[in-house]
Amino acid sequence: MEEEKELKKEKKNIPVLPWMRNPVDITTFDQCTLDLLPFIDPRLVVALKKMSITSLFPVQLAVWQETIGPGSFERDLCINSPTGSGKTLAYALPIVQMLSTRAVKCLRALVVLPTRDLALQVKEVFSALAPAVGLSVGLAVGQSSISDEISELIKKPNAEYGICYDPEEFSYKLQSAVDILVATPGRLMDHISNTDGFTLEHLCYLVVDETDRLLREAYQSWLPTVIQLTSSSIDGNFPSVDDLLPCTYGSLKTIRRVGTERGFKSKAYPRLAKMVLSATLTQDPSKLAQLDLHHPLLLTTGERRYKLPEELKSFKVLCQSKLKPLYLVSLLQSLQGEKSIVFTSSVESTHRLCTLLKFFDNLQIEFKEYSRLQRQSVRSKTLRAFRSGQVQVLISSDAMTRGMDVEGVRNVINYDMPAYIKTFIHRAGRTARAGQSGCCFTLTHKDEVKRFKKMLQKADCNSCPTYSVSSEVIESLRSVYTSALEKLRENVESEKFKKSKIRLNASNVRKEK
Ligand SMILES: Nc1ncnc2c1ncn2[C@@H]1O[C@H](COP(=O)(O)OP(=O)(O)OP(=O)(O)O)[C@@H](O)[C@H]1O
């Protein structure tokens, strides 16, 4: 729905914001080997090499120039760069380098992502870098109980200073156990509201990854809350007596004043520096205004707003609607067990398609369902099996589309054609990452071809050849398909019956209470 609204607004040709007219073009940057990268901390070079990274990708070099390099992070950065181009390291590396000289542990960098799986993925990147320069990274996503999470994030005084009996002194001495926090909005808000010792008053850097997705929903007003909590703590230029008291180790404060000099008028100083990123960054002024950006600088790839990865090959598979599952099976067989993700239009159709495929005997393809209908623990297990190669094909709703990075995915299959180019970009972007090659197949009915071509043109993709699947395979599967459909019908009925029984039991329990 939100995507539809956004599209309508775009169609009305909202003028591009003035600062978006002079972007930094990422395509003008080349890859840069680590030994040529200016100012990099040698400890981080070692950490990067352990991650098998020997050079920086163009977007990473462009961001480095604007943060550590001559740009000195004087402007907030809006980064619009294709899927798989390396945006995570583009922000993680400069943040870790900028914090590497800090002597006191405080929460100084916050990275917000829309989903738990994405946050876990990003935390791994920070965890591979930060310890090399003595920094620690925390995670607030609701993966563990809130108390476990608190004990990871907040250092209790008795751990280092002996037991403390005075509750006031106790909360005064609570300190952050992490320098960098990767969080989802819900858990972040829980900590802001309820966790003793959790404070954003020292925050220097905020990263909003998958920005357009995060701005689409309010997520408990996390963004206005963070902006407010990191705005000026003093209204004038004259600090109060309390503020002038010498800082002790425990009460060390980052005092933000209202700036008066050019460029900082009525803004907090020192400001919270921000990086916002997406492969499909919104241009909607009202959405971007929520981020309260300071002299924003756009970093983008070429002139087109949307761009597909260079090494992605896109194909359409013409099919008859009624036989679509057979076209999929035939296509999967032709891909010979290569790691692939099949996207459907909804969680229900993901479940139905998976159930149907289970009724095909001798399919010889290891596939699994992955959707929001499942519990997180089931989803995580499936993802692990897919990463390890135990599962070859993941059948997924759009839960996988944003940001997920699984090594070795060779193909993306749009079982249902996406309605919007943004969805196409995020789905297709699960393959052809980091300069690797990959294919995206879209199953289309002949009536959909025109719309599909028009959609691809928005991402500058003017060639989408037809991929022919074997009609012999389709014919040979027809009888199996008929019986599989029958079994699916029975299965749907029995699932409906089970669900209604569960609902009935639950309402009886409520009545008895
Ligand atoms: N400099 C580098 N050298 C080699 N591999 C890299 C480098 N930077 C990133 N990668 C790898 O590239 C892949 C894609 O990176 P990343 O997930 O950050 O992309 P992204 O731009 O955030 O994509 P998306 O928009 O889909 O979220 C990852 O597997 C990462 O390990």
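These questions and answers cover the ligand site and one annotated span in a predicted model.

Me: Which residues come nearest to the ligand?
Reply: The shell around the ligand counts 19 residues. A residue joins it with a heavy atom within 4 Å. The ones that come nearest are Ser55, Gln60, Lys87, Thr88 and Asp405.

Me: Which element gives the largest share of the shell around the ligand?
Reply: Strand 3 (55-56) and helix 4 (87-99) each supply at least two shell residues. The largest share is 3 residues, and it comes from helix 4.

Me: How many residues of the shell are charged?
Reply: The shell holds 6 nonpolar residues and 8 polar ones. The charged residues number 5.

Me: How far is a polar side-chain atom of Arg433 from an oxygen atom of the ligand?
Reply: Polar contacts are N or O pairs within 3.5 Å. Arg430 has a polar side-chain atom 3.0 Å from a ligand oxygen. For Arg433, the side-chain distance to a ligand oxygen is 2.8 Å.

Me: What percentage of the ligand's exposed area does the protein bury?
Reply: The space the ligand takes is the largest pocket. On its own, the ligand exposes 640 Å². Of that, the protein buries 81%.

Me: How far apart are the end C-alpha atoms of residues 327-481?
Reply: An unreviewed UniProt entry lists this span as "domain: Helicase C-terminal". The span is 39% helix and 15% strand. Its end C-alpha atoms are separated by 11 Å.

Definitions and conventions
Residues numbered from 1 in each chain as written. Predicted model: local features only at pLDDT ≥ 70, side-chain atom pairs only at ≥ 80, totals over all residues. Heavy atoms only, no water. Polar contact = N/O pair within 3.5 Å; in protein donor to acceptor, adjacent residues only side chain to side chain. Areas by Shrake-Rupley, 256 points an atom, 1.4 Å probe, with all protein chains shown as cover. 1 Å grid on protein atoms, 1.4 Å probe; cavity = no way out; pocket = protein on both sides within 12 Å on 5 of 7 lines; lining within 4 Å. Sits in = over half its atoms within 2 Å of the grid points. Helix = DSSP H or I, 4+ residues; strand = E, 2+ residues; numbered from the N terminus. Nonpolar A, V, L, I, M, F, W, Y, C, P; charged D, E, K, R; others polar. UniProt positions renumbered as here; feature names shortened; annotations may be inferred.
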